[in-house]
Amino acid sequence: MGKPTGFLEYERETARVLPPKERIQNFREFRIPLNKEKQKLQGARCMACGVPFCQAGLMIHGMASGCPLNNLVPETNDLVYTGNWKQAFSRLNKTHSFPEFTSRVCPALCEAACTCNLNGEPVATKENERAIIETAYAQGWVTPQTPRVRTGKTVAIVGSGPAGLAAAQRLNRRGHSVTVYERSDRIGGLLRYGIPNMKLDKSVIDRRLRLMEEEGVKFVTGVNVGVDLTAEQLLKQYDRVILACGASNPRNINVPGRDARGIYFAVDFLKQVTKTLLDSDFEKVPYELAKNKNVLVIGGGDTGNDCVGTTIRLGAKSVTQLEMMPMPPAERTEDNPWPEWPKVLKTDYGQEEAIAVFGHDPRVYQTTVTEFIKDKKGNVCKARIVKLKSQKDEKTGRMNMVPVEGTEEVIPADLVLIAAGFLGSEKYVTDAFKVKTDGRTNIETKNGQYATTAPRVFAAGDVRRGQSLVVWAIREGQEVARAVDESLMGYSDM
């Protein structure tokens with residue numbers, strides 16, 4: 001695959017990125033792809049290794065190694081190298097539902113498991129994937145795949161995130177009649193409102209949705225299943241129901257002063273920003289949310305980084321991002337060998353922008369909030385923070401992060417965004433369908449299966465596995481589609 005000596009002859013090269021101070025002037029995507037000839041050379045770097053972990057999708061020590069969708073990575077890289085773009089799209093399309101999404105937002109598990117990582121830089125598989133799918137759209141190769149025959153079976157999907165969309169796509173193409181219910185005003189779930197536009201332009205989602213509608217998928221927005229529509233009504237109307245409503249129960253920070261105004265869950269804040277932009281066709285930017293404010297982001301993950309990038313675009317006076325855990329090492333440690341996921345320091349686009357604007361990394365490690373302080377009007381104005389250290393719990397033997405005495409300090413905070421992750425499913429949904437949940441409030445299914453404890457009800461995505469990546473949600477959507485198909489037809493050819 002690729003050129004046998006390509007990884008020795010060509011350096012890794014990815015899309016050009018607009019300078020931070022230029023790109024923060026708007027909410028548009030800021031990556032400028034390579035031209036076709038340069039992209040071919042990136043395909044040439046695929047080294048024909050004997051065991052391509054890039055496509056394995058294995059779990060090693062609790063971490064994914066390689067693509068969970070089992071994309072045919074060496075094959076598509078080779079086809080990029082030889083310029084066979086249509087064949088590359090054909091191979092990618094065999095395993096992937098939405099490469100236009102993951103090629104923008106995935107952390108590239110395939111690249112982390114690339115054999116080139118052993119002695120150099122990995123193959124730019126994520127960039128190759130984006131080049132393939134965007135070429136396919138430009139050439140008109142991505143067309144509606146309408147089923148020739150309908151089975152007469154009906155499926156309702158609750159939630160329109162990547163898991164729900166992947167399940168809808170596959171079940172509809174199989175010939176079942178699929179309706180997707182979304183409680184928000186637009187389809188897409190966290191793709192739409194949880195990921196900022198500069199990271200995933202919403203026109204990319206709309207482009208795919210138009211295709212799915214042409215294929216026959218029906219979308220219903222503004223309906224909150226379990227409130228506006230009962231579980232009984234849904235099960236009476238449809239042969240099967242899939243719960244793909246995400247792990248949408250945000251983890252709170254329960255400290256004194258939490259009731260102050262100006263404290264938001266991160267996804268609620270990001271949704272408000274994106275909705276304002278979309279409602280006004282990008283004519284109105286909600287600067288009033290963060291302009292000239294000292295912003296405190298609690299949480300060091302992707303959502304926290306998105307909050308940093310978003311508030312900088314809204315004119316924040318300062319941005320501080322708290323992370324409870326220690327700073328990761330710059331390189332792999334001996335106990336984190338390839339092809340495990342590399343637990344190393346990553347500086348994402350939001351942090352890059354903060355460094356450019358404020359002159360320093362916004363992240364403060366091993367630190368948490370102990371109190372929010374209000375002004376006379378009840379608005380948050382400061383936060384009391386404290387350093388943490390790792391300490392073994394004598395009863396359980398587990399290592400916990402505990403406060404370090406004498407390290408408390410007070411910092412300004414006019415806007416606080418809680419990006420501390422999610423706890424699992426929302427109770428009103430699980431109660432409505434009478435499905436069991438596990439100790440983490442995820443919907444319970446048998447190991448490796450998708451049927452819930454309630455008859456004719458299935459679950460997939462974050463609502464089943466807990467907070468995870470878009471690529472895992474797509475895989476879950478594909479697999480639950482097969483499970484539902486088998487339950488309806490007695491077999492599945494998916």
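Analyst: A residue counts as buried when its relative accessible area is under 20%, as exposed when that area is over 50%, and as partly exposed in between. The structure discussed here is a predicted model.

User: Is Phe269 buried or exposed?

Analyst: The relative accessibility of Phe269 is 0%. The cut-off for a buried residue is under 20%, and because 0% falls on that side of the cut-off, Phe269 counts as buried.

User: What is the angle between the planes of Phe98 and Phe101?

Analyst: The structure holds five aromatic pairs, and one of them is formed by Phe98 and Phe101. Phe98 is buried, and Phe101 is buried too. Their rings lie 5.1 Å apart, centre to centre, and the pair is tilted, with an angle between the planes of 35°.

User: How are H3 and H8 oriented to each other?

Analyst: Helix H3 (residues 36–44) and helix H8 (residues 125–139) have axes that come within 10 Å and cross at roughly 135°. The contact is made by Lys36, Gln39, Gln42 and Gly43 of H3 together with Glu127, Asn128, Ala131 and Thr135 of H8, and these residues divide into one nonpolar, five polar and two charged. An angle from 65 to 115 degrees would count as roughly perpendicular and one over 145 as roughly antiparallel, so the orientation of H3 and H8 is oblique.

User: What is the orientation of H5 to H8?

Analyst: The axes of helix H5 (residues 85–95) and H8 come within 9 Å and cross at roughly 105°. Since angles of 65 to 115 degrees belong to one class, H5 is, in its orientation to H8, roughly perpendicular.

User: How many nonpolar residues does the contact of H5 with H8 have?

Analyst: On the side of H5, the contact is made by Trp85, Ala88, Phe89 and Leu92, and the residues of H8 include Ile132 and Ile133. By class, the contact has one polar and one charged residue, and the number of nonpolar residues is eight.

User: Is Arg130 buried or exposed?

Analyst: Arg130 lies in helix H8 and, leaving aside its neighbours within four places in sequence, is in contact with Glu29, Arg31, Ser103 and Arg104. Because its relative accessible area is 12%, Arg130 is buried.

Conventions:
Residues are numbered from 1 along each chain as its sequence is written. This is a predicted model: local features need pLDDT of at least 70, side-chain atom pairs count only at pLDDT 80 or more; totals for chains, interfaces and linings use all residues. Side-chain values use heavy atoms; hydrogens and water are left out. Axes are lines fitted to C-alpha atoms, for helices over the stretch in contact, and angles run from 0 to 180 degrees between N-to-C directions. Helices (H or I, at least four residues) and strands (E, at least two) are DSSP runs, numbered from the N terminus. Angles under 35 degrees count as roughly parallel, over 145 as roughly antiparallel, 65 to 115 as roughly perpendicular and the rest as oblique. Contact means heavy atoms within 4.5 Å. Ala, Val, Leu, Ile, Met, Phe, Trp, Tyr, Cys and Pro count as nonpolar, Asp, Glu, Lys and Arg as charged, and the others, Gly among them, as polar. Rings of Phe, Tyr and Trp (its six-membered ring) pair if their centres lie within 6.5 Å; planes under 30 degrees apart count as stacked, over 60 as edge-to-face and the rest as tilted. Buried means under 20% relative accessible area, exposed over 50%, partly exposed in between (1.4 Å probe, protein chains only).
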